[in-house]
Amino acid sequence: FPILIQQLRAASNWDIRANVARVIGLLALHTSELGENVPVSEAITLLTELIRENFRNSKLKQCFLPALGELLYLIASKEEKGEHPRECWAVPSAAYTVLMRCLREGEERVVNHIAAKIIENVCTTRSCHAQGFITGEIGPVLWYLFTHSTGDSLKITPISALCRITRSSPNAFQSVIEKVGLTAVLNSLANGICKIQQYMLTMFSAMLSCGIHLQRLIQEKDFVTTITRLLESPSTFIRAKAFLVLLQVLSNNREMLLLSCQARLMMYIERDSRKTMPGKEQQGGSEYLSKCLDLLIYHIVRELPGILGDILGALTNVSGRKHPSTVQAKQLKMCLPMMPVVLHLVTSQVFRPQIVTKEFLFNYGILLEFIRSIDSGETKLDRAIGQAASEELIKTTLLTFEAVTEHPSLLMTHRLTVEDSILPPLVSLVHSQNVEWRLFSLQLLSETISLLLSHEVMAEEKGQSLNSNNKLLSLIRDLVLPQYEHILLAPDPVPMYALKLLVALTEHSPASVSLMEEIHLFPVLFQVILRYQNCILGNTMQTVIALLNNIVANKSMNMMILFEEGLAHHVCNLLTEAVALYLEADDKRSTKTANVLLLSLLDILQYMLTYTANIVRQTLQAQKSGAGGDTQAAEDLLLINKPLTDLISRLIQLLPSEDTEIFLSASQCLLLLVQLYGGNNQESMSPENMSNFAEVLKSKKDPRELKLLLKIVKRLVS
């Protein structure tokens with residue numbers, strides 16, 4: 001090595017000097033061990049002098065700079081490993097000065113590139129030699145070189161060098177932003193190639209972690225949206241670093257979480273969570289991505305109680321007030337817009353299991369009570385935040401609970417909290433003067449109660465006792481049903497949602513039928529039937545028929561109440577219309593709807609006729625046994641149900657149906673009718689009806705079905 005230095009100094013031929021410099025560079029590149037007595041500092045000083053003395057000769061610089069760079073990197077890497085004291089390898093300040101001059105504007109691009117590469121390499125080490133490049137002008141100089149280079153490799157080197165300097169001194173990147181502006185830097189970030197984006201994200205992360213430009217960056221919406229868009233990158237490392245930068249922003253400014261959610265942050269988190277799940281085929285960097293993602297998720301989960309707490313705090317301060325103060329209005333404007341964040345988190349499959357806890361649902365119940373107060377006019381927010389913002393708060397709050405109801409396991413896990421904290425204010429919102437909130441609340445109430453009651457039934461079947469059924473029924477009896485007459489007679493589509501709640505109740509809780517009887521709700525149901533009888537295939541009519549089916553199927557139901565209210569008349573009209581629609585239906589969709597409706601009505605008819613037949617049978621048995629029996633009651637019942645004989649011809653028309661269920665239901669109802677009333681109806685033996693019987697008797701092969709049909713015919717003709 002000393003001989004090479006001597007040749008480099010003494011040779012008169014520049015070609016020889018250039019070759020000697022190349023050999024020195026190669027030696028430095030491949031050196032594994034460096035002795036303390038090797039004159040590296042002398043070689044660096046000599047190369048620096050040669051470059052400085054021949055600075056205008058670009059070709060010589062291209063020969064000497066690589067050797068200088070390799071020597072600098074060699075001693076920097078050895079020092080980092082702590083092999084020798086720093087004094088052995090002192091680097092003259094002139095070396096740094098020469099390299100900085102080689103970066104400046106006006107130099108050939110090759111020289112610029114070599115100088116930038118030297119800085120990049122040396123600054124990968126944690127040594128004092130890397131500190132020599134940290135000057136006030138290094139950031140803007142490298143940025144200029146980056147923005148004025150053409151090829152990708154020429155662009156990557158200066159930005160990589162700047163990134164490595166920023167690791168040691170974030171002020172370098174700060175000086176770039178101050179000189180060219182944040183917008184220009186963000187444009188380069190958005191439009192850069194993967195490597196450049198990766199380096200720039202690293203620099204932003206370094207700046208934020210050191211608190212430099214912190215207040216500006218965490219308030220800059222363009223910065224947050226640009227970072228969020230990088231989550232679409234195919235590069236795992238870029239997405240991971242983008243998650244880290246967002247974590248640093250959100251750690252210092254919670255309000256930016258709303259902007260991030262609006263920029264689809266939840267979607268990106270869910271996508272990468274699926275990709276990094278155990279068992280999935282892992283790409284390079286997946287473990288790093290997974291760790292960055294976990295940090296962000298953990299932070300957001302911890303932030304939610306604070307967000308909800310701020311909202312509740314702001315509403316508590318104005319509760320019952322019609323004119324919030326200026327300070328209170330400012331607090332409302334700051335906290336309430338964060339409510340959509342709660343909705344975004346609850347609708348996310350990553351966050352939902354972690355945030356929907358007993359505490360969350362309890363606080364949500366308090367929020368719902370505030371919503372009730374706002375809706376009723378007890379608390380007025382319109383002057384403070386505007387009517388649109390007030391309505392948006394109510395809507396978002398209801399949507400949040402809707403997202404919870406879509407996952408029954410969450411309701412079941414925290415059913416007591418739901419019953420105690422959420423259902424009471426939700427019931428109050430059912431009486432809202434706002435049709436939209438009334439509808440939404442009814443829908444949520446119906447879905448929630450249905451889920452809770454079905455869980456009660458399953459628990460009882462398993463021998464578990466939850467003791468909350470009575471609480472639910474008490475809530476419904478005391479708060480819901482007393483207002484139901486007005487709700488059922490309200491304009492569309494309120495009655496349909498109200499009826500759905502009653503269907504859910506009667507399906508899962510037989511005791512609810514008794515509650516309906518207590519408050520005289522059956523006459524109102526028949527009013528609803530009369531109101532919607534011209535639209536028998538509509539949702540409201542289908543729901544009221546399903547409810548009626550549940551009521552007549554209830555064993556504890558006093559059927560005489562329904563008969564006295566005109567049940568036979570209504571069922572006769574509905575079945576007549578339903579049979580006509582079924583026979584005329586030509587497309588599959590309407591056929592399916594008509595089928596369901598017809599089967600439900602046939603079930604109701606069968607319950608009615610079975611009840612009547614049982615009363616008549618019991619009376620006859622009592623007479624035969626000599627016990628007397630109330631013949632008048634049986635006669636009155638037969639008389640009340642006499643209009644049902646008009647259905648005999650309609651039922652006969654259904655016998656040729658290819659639908660087995662319809663055939664069986666129609667034939668069983670027909671048998672009960674003719675057993676009770678015989679063939680008194682004049683149309684029963686019409687040629688058309690007899691033709692239907694003949695067709696069915698020819699087509700049926702099952703002996704039991706044939707026996708049933710012959711019983712009907714025999715009773716008609718006898």
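Visitor: Does His 520 count as buried, partly exposed or exposed, and which class applies at its relative accessibility?

Guide: In this predicted model, His 520 sits in the loop between H31 and H32. Its relative accessibility is 60%. Exposed means over 50% relative accessible area, so His 520 counts as exposed.

Visitor: What is the phi of His 520?

Guide: His 520 is not a glycine.

Visitor: Which peptide bond is cis, and what is its omega?

Guide: The proline concerned, Pro 493, is found in the loop between H29 and H30. The cis bond runs from Asp 492 to Pro 493, with omega near -10°.

Visitor: Which residues of helix H32 are buried?

Guide: Helix H32 spans residues 522-532. Pro 523 lies in this helix but is partly exposed, with a relative accessible area of 29%. The buried residues are Phe 522, Val 524, Leu 525, Phe 526, Val 528, Ile 529 and Tyr 532.

Visitor: How many Å apart in space are Pro 523 and Arg 126?

Guide: Pro 523 belongs to helix H32. Pro 523 and Arg 126 are 397 residues apart in sequence. From C-alpha to C-alpha, their separation in space is 87 Å.

Visitor: How are H10 and H11 oriented to each other: roughly parallel, roughly antiparallel, roughly perpendicular or oblique?

Guide: Helix H10 (residues 171-180) packs against helix H11 (residues 182-191) with the axes 6 Å apart. The angle between them is about 110°. Angles of 65 to 115 degrees count as roughly perpendicular, and H10 and H11 are therefore roughly perpendicular.

Visitor: Which residues make the contact of H10 with H11, and how do they divide by class?

Guide: H10 contributes Phe 173, Val 176, Ile 177 and Val 180. From H11 come Leu 182, Ala 184 and Val 185. By class, the residues of this contact are 7 nonpolar, no polar and no charged.

Visitor: Which residues does Ile 212 contact, leaving aside its neighbours within four places in sequence?

Guide: Ile 212 is in the loop between helix H12 (194-210) and helix H13 (214-219), and is buried, with a relative accessible area of 15%. Ile 212 and Phe 173 are 39 residues apart in sequence, yet 9.6 Å apart in space from C-alpha to C-alpha. The residues in contact with Ile 212 are Pro 170, Asn 171, Gln 174, Met 207 and Leu 217.

Visitor: Which helix gives the most to the lining of the largest pocket?

Guide: The largest pocket has a volume of about 260 Å³. Of its 16 lining residues, the closest to the centre are Ile 374, Asp 375, Lys 380, Asp 382 and Ser 390. Helix H22 (358-376), helix H23 (382-385) and helix H24 (387-405) each supply at least two residues of the lining. With 4 residues, the helix that gives the most is H24.

Visitor: What is the make-up of the lining of the largest pocket by class?

Guide: The lining consists of 16 residues. By class, these are 4 nonpolar, 6 polar and 6 charged.

Visitor: Which residues does Asn 363 touch, not counting residues up to four places away in sequence?

Guide: Asn 363 is placed in helix H22. At 19% relative accessibility, Asn 363 falls under the 20% limit and so counts as buried. The residues touched are Leu 308 and Leu 312.

Visitor: From which helix does the largest share of the lining of the largest cavity come?

Guide: The structure holds 1 cavity of 30 Å³ or more, and the volume of the largest cavity is about 30 Å³. Arg 109, Asn 112, His 113, Leu 145, Ser 149 and Leu 154 form its lining, with 2 nonpolar, 3 polar and 1 charged residues by class. The largest share, 3 residues, comes from helix H6.

Note on methods:
Residues are numbered from 1 along each chain as its sequence is written. This is a predicted model: local features need pLDDT of at least 70, side-chain atom pairs count only at pLDDT 80 or more; totals for chains, interfaces and linings use all residues. Side-chain values use heavy atoms; hydrogens and water are left out. Axes are lines fitted to C-alpha atoms, for helices over the stretch in contact, and angles run from 0 to 180 degrees between N-to-C directions. Angles under 35 degrees count as roughly parallel, over 145 as roughly antiparallel, 65 to 115 as roughly perpendicular and the rest as oblique. Contact means heavy atoms within 4.5 Å. Ala, Val, Leu, Ile, Met, Phe, Trp, Tyr, Cys and Pro count as nonpolar, Asp, Glu, Lys and Arg as charged, and the others, Gly among them, as polar. On a 1 Å grid over the protein atoms alone, a cavity is a set of points where a 1.4 Å probe fits but cannot get out, and a pocket is an open set with protein on both sides within 12 Å along at least five of seven lines; lining residues have an atom within 4 Å of a point. Grid points are joined across faces, edges and corners, and a volume is the space filled by probe spheres set on the points. Buried means under 20% relative accessible area, exposed over 50%, partly exposed in between (1.4 Å probe, protein chains only).
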